[in-house]
Amino acid sequence: MKTKEKCVWYLGDRGIDRQIKRCDEYKNMWFIVFKDYPEDVEVSFKSDIYECYDEISTTKMKWNKLNYEKIRKQLNS
C-alpha cells in the first residue's frame, strides 16, 4: 500500500475525511499536508484518535528521515 493510501485509510478510520496534498510516515508519526490548509504540515503521533501535536510551515519543512527524527525527539521531550 502506498503511503498516501495508507494515510487516507488511517484518517478515515478515525472519522477524518479531508483531501491530502502530501504526507509521509515515520516510525509512530504522520506528517500531513491537507489540501484545504496547504500552508502547514500537521505532525501527529499514531493513536486511536487523530490529534495534531505541531504544525510546521511547508516552506520550512524538510521531508527526510533525519528531520523527522529531530521533530520526534523535540515532541517527546
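1. Burial first. Buried here means under 20% relative accessible area, exposed means over 50%, and partly exposed is in between, with a 1.4 Å probe and protein chains only. By that scale, both Glu-69 and Arg-72 are buried. Their side chains meet in a salt bridge, 2.7 Å from N to O. A salt bridge is a side-chain nitrogen of Lys or Arg within 4 Å of a carboxyl oxygen of Asp or Glu. Both residues lie in helix α2, three residues apart, about one turn of the helix.

2. Ground rules. This is a predicted model: local features need pLDDT of at least 70, side-chain atom pairs count only at pLDDT 80 or more, and totals for chains, interfaces and linings use all residues. Residues are numbered from 1 along each chain as its sequence is written, and side-chain values use heavy atoms, leaving out hydrogens and water. Helices (H or I, at least four residues) and strands (E, at least two) are DSSP runs, numbered from the N terminus.

3. More on Glu-69. This residue also forms a salt bridge with Lys-27, with the closest N and O atoms 3.3 Å apart. The pair links distant parts of the chain: Glu-69 sits in helix α2 and Lys-27 in the loop between β1 and β2, 42 residues apart. Glu-69 counts as buried because its relative accessibility is 14%. Lys-27 is exposed, at 52%.

4. The hairpin. Lys-27 takes a positive phi near 50 degrees in the hairpin of β1 and β2, which has two residues between the strands. Strand β1 (residues 20-26) pairs with strand β2 (residues 29-34) in the antiparallel sense, over six bridges. Pairing requires at least two bridges found by DSSP between the strands. Cys-23 stands opposite Ile-32 in β2. Lys-21 is also in β1.

5. Salt bridges elsewhere. How many does a search of the whole structure find? The total is seven. One of them joins Arg-18 and Glu-42, with the closest N and O atoms 3.8 Å apart. Arg-18 is in the loop between α1 and β1, Glu-42 is in strand β3, and they are 24 residues apart. Arg-18 is partly exposed, with a relative accessible area of 30%, whereas Glu-42 counts as buried at 8%. Lys-6, Glu-25 and Lys-46 are linked in a network of salt bridges.

6. Arg-18 and Phe-34. Arg-18 lies over the face of Phe-34, at 3.7 Å from the ring centre. The criterion is NZ of Lys or CZ of Arg within 6 Å of the ring centre and within 35 degrees of the ring normal. Phe-34 is buried, with a relative accessible area of 1%.

7. Aromatic pairs. The whole structure holds five. Rings of Phe, Tyr and Trp (its six-membered ring) pair if their centres lie within 6.5 Å; planes under 30 degrees apart count as stacked, over 60 as edge-to-face and the rest as tilted. The Tyr-10 and Trp-30 rings have centres 5.8 Å apart and planes at 35 degrees, so this pair is tilted. Tyr-10 belongs to helix α1 (residues 3-12) and Trp-30 to strand β2, 20 residues apart. Tyr-10 counts as buried at 6% relative accessibility, as does Trp-30 at 1%. Phe-34 and Tyr-50 are edge-to-face: 6.4 Å centre to centre, with 90 degrees between the planes. Ring pairs also link Tyr-26, Phe-31 and Tyr-68 into a cluster.

8. Nonpolar cores. A core is a set of buried Ala, Val, Leu, Ile, Met, Phe, Trp, Tyr and Cys residues joined through side-chain atoms within 4.5 Å. The largest has eleven residues, among them Tyr-26, Phe-31, Val-43, Ile-56 and Tyr-68. Which elements give two or more residues to this core? They are β2, β3 and α2. A second, separate core has nine residues, including Cys-7, Leu-11, Cys-23 and Phe-34.
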